[in-house]
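Please keep the sequence and the model in view while reading.

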Amino acid sequence: MNVIKLAIATLAFSSLLACNSSGQQKGTTEIKVKDGKAKSVAAFAEGCFWCSEHIFEELAGVDSAVSGYAGGHTKNPTYEEVCTEKTGHAETVLVYFNPKVISYTQLLDAFFQSHDPTTLNQQGPDVGPSYRSAIFYTDKEQEMQATEAIKKWTPKFEKTIVTEVAPLTTFYRAEEYHQNYTSENPYNSYVRAVSLPRFDKFQRACKLKMKN
């Protein structure tokens, strides 16, 4: 795990608890994933969710991205528990999008352009299974498109793609201090050193329409 990132998050969480009149830790919340007629849902894990949430939210057609945890076995895991690498969860973003503006296939392209899918359990300075590359599909069509995307992007990388493709069985919304972290903390040391440079690199490479 990235010790600096964990220390920053723990400090932020401690501040949040100090403002909580009950003084008790609030657990994470399970989100029931349902597709609507106008919007659909996708789930991607590609390292730090502070980074990936910011990336996906800047894509035209994406309504919002929620930072959370997927792919694990512990119910209502906290960030500190996930960082122990014992819950099985990956830092994941749940992406709500309008398929009339951006397709799931295009989101898959953004996924492969916004991180290195060939590094096992690592993205940049963040190391551990919670930072693994993964596509969590909501139905058979998404599973098929994810498999096809891996075939499409394989020739573009020198090393083998190690992205996990698995069903999205449960998604837990992360603690509130994680939501929109990059945009709300632009001067944070981790954000300046990792999140923003990663976004800038993605923005230069991506051909998809951005919101700004």
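**Strands and helices in the predicted model**

Three bridges join β1 to strand β9 (residues 171-173), and these two strands run antiparallel; two strands count as paired if DSSP finds at least two bridges between them, and helices (H or I, at least four residues) and strands (E, at least two) are DSSP runs numbered from the N terminus. Within this pairing, T29 has R173 of β9 as its bridge partner. The model is predicted, so local features need pLDDT of at least 70 and side-chain atom pairs count only at pLDDT 80 or more, while totals for chains, interfaces and linings use all residues. Residues are numbered from 1 along each chain as its sequence is written, and side-chain values use heavy atoms, with hydrogens and water left out.

**The sheet**
- Seven strands form an open sheet with mixed pairing, in the order β1-β9-β3-β4-β2-β7-β8.
- Because β1 (29-31) and β8 (164-167) stand at the edges with a single partner strand each, one side of each is left without a neighbour in the sheet.

**The helices**
- Helix α4 (residues 104-113) lies across β2 (40-46), β3 (62-70), β4 (90-97) and β7 (133-137), and runs at about 15° to β2; axes are lines fitted to C-alpha atoms, for helices over the stretch in contact, and angles run from 0 to 180 degrees between N-to-C directions.
- Helix α5 (residues 140-153) packs on the sheet and touches β2, β7 and β8 (contact means heavy atoms within 4.5 Å), its direction making about 150° with that of β7.
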